[in-house]
Amino acid sequence: MKVEIECAPCLLHRGYMEILEATSDETLRFRAMLALTRLLNREFKSNAVPAHLGTKRDRLVKRITGNDDPYAKKKWLSNKHALEILPQAKQFVARESSPEARFRKACLCTIVGNVIEFDIPDHVFKFEDLTQMIRQAQEDLAVDEISKIFDAAKKAREVLYLTDNAGEIAFDTLLVGELKRLGARVTVAVKEKPIINDAIMQDAKNVGMQEAADTLITNGTDTVGLILRECSKRFSSLYKSVDLVVAKGMGYAETITETKLTRPHAMLLRTKCQPVANYFGTIKGKNVAKLLT
């Protein structure tokens, strides 16, 4: 997925907000903002990938401010609030008796969890609204290929699950559980180091993912989405060998759609910006479950 014009102010705005989170030093803030505008002036082109620019932006902010995890507090709070809501989401899934119905509801819960993201222009969410959003998730499902994903999951012996944000990762435990119920061995991968509010190993352990997954690993890097050349050999080898990849969120959508795929990829996300919505043929604020092959 390539950038659209709207990506430029979004990249700048998110960088500005991250700088404010990262430091209160006005000199560092000015230096970081100046460097960010230079970066975008140099690299914002029609063939650029938003997540690639986002990766460079976030690394720049962290390097100049000296803060390796600007969203640490918000990530902790996200995990805390998500865990408070998780029992209701579990009941939402458990009420179904058929494997496909349970799988569908687990997918819906994880997609709703994808709303937990900060500083995207015009994207606003409240943790107290998540329970209602789960109830109406099917109505908001603009791209519905969950049945195709379910069929692919039934055939898969090895699944690689790529998580997105802190907080959201609590709801991912539900879908990981359903994938295992179908007979798959599930490896869950988080980011090696902080990037925006993406989940890292500590976030995964905070929500009990080590108990839900067969294996819990990192991808070896700190990119927005997937930049395979930067990932560890262990992750890359696994990514190329599994039967199914489940990828959460817009960053993975932006990057995986730029990749030549050799196996099915289940994309589960909320369209929190119009460029991503445009790519999937819908509008902003909708749920997407798409099987890429």
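## Strand pairing

β6 and β7 run antiparallel and are joined by six bridges; strands, like helices, are DSSP runs numbered from the N terminus (strands E, at least two residues; helices H or I, at least four). Two strands count as paired if DSSP finds at least two bridges between them. Leucine 268 has alanine 289 in β7 as its bridge partner.

The model is predicted: local features need pLDDT of at least 70 and side-chain atom pairs count only at pLDDT 80 or more, while totals for chains, interfaces and linings use all residues. Residues are numbered from 1 along each chain as its sequence is written, and side-chain values use heavy atoms, with hydrogens and water left out.

## The sheet as a whole

These pairings belong to an open sheet of seven strands in the order β1-β7-β6-β5-β2-β3-β4, with mixed pairing. β1 (141-144) and β4 (215-218) are the edge strands, each pairing on one side only. From one strand to the next the twist averages 15 degrees. Because five of its six residues are buried, β7 is largely enclosed by the rest of the structure; buried means under 20% relative accessible area, exposed over 50%, and partly exposed in between (1.4 Å probe, protein chains only).

## Helix α5 and the cores

Helix α5 (residues 99-113) lies across β1, β2 (158-162), β5, β6 and β7 (287-292), at about 50 degrees to β6. Axes are lines fitted to C-alpha atoms, for helices over the stretch in contact, and angles run from 0 to 180 degrees between N-to-C directions.

The largest nonpolar core has 60 residues, and those touching the most other members include Phe103, Leu175 and Val246. Such a core is a set of buried Ala, Val, Leu, Ile, Met, Phe, Trp, Tyr and Cys residues joined through side-chain atoms within 4.5 Å. Beyond its neighbours within four places in sequence, leucine 175 contacts Phe103, Ala106, Cys107, Thr110, Tyr161, Val246 and Leu268, contact meaning heavy atoms within 4.5 Å. A second, separate core of 27 residues includes Met1 and Met267.

## Two loop residues

Aspartate 119, in the loop between α5 and α6 (130-135), has a positive phi of about 70 degrees although it is not a glycine. Aspartate 119 counts as buried, at 13% relative accessibility.

Isoleucine 196 lies in the loop between β3 (185-190) and α9 (201-206). Its phi is positive, about 45 degrees, although isoleucine 196 is not a glycine, and its relative accessible area of 7% makes it buried.
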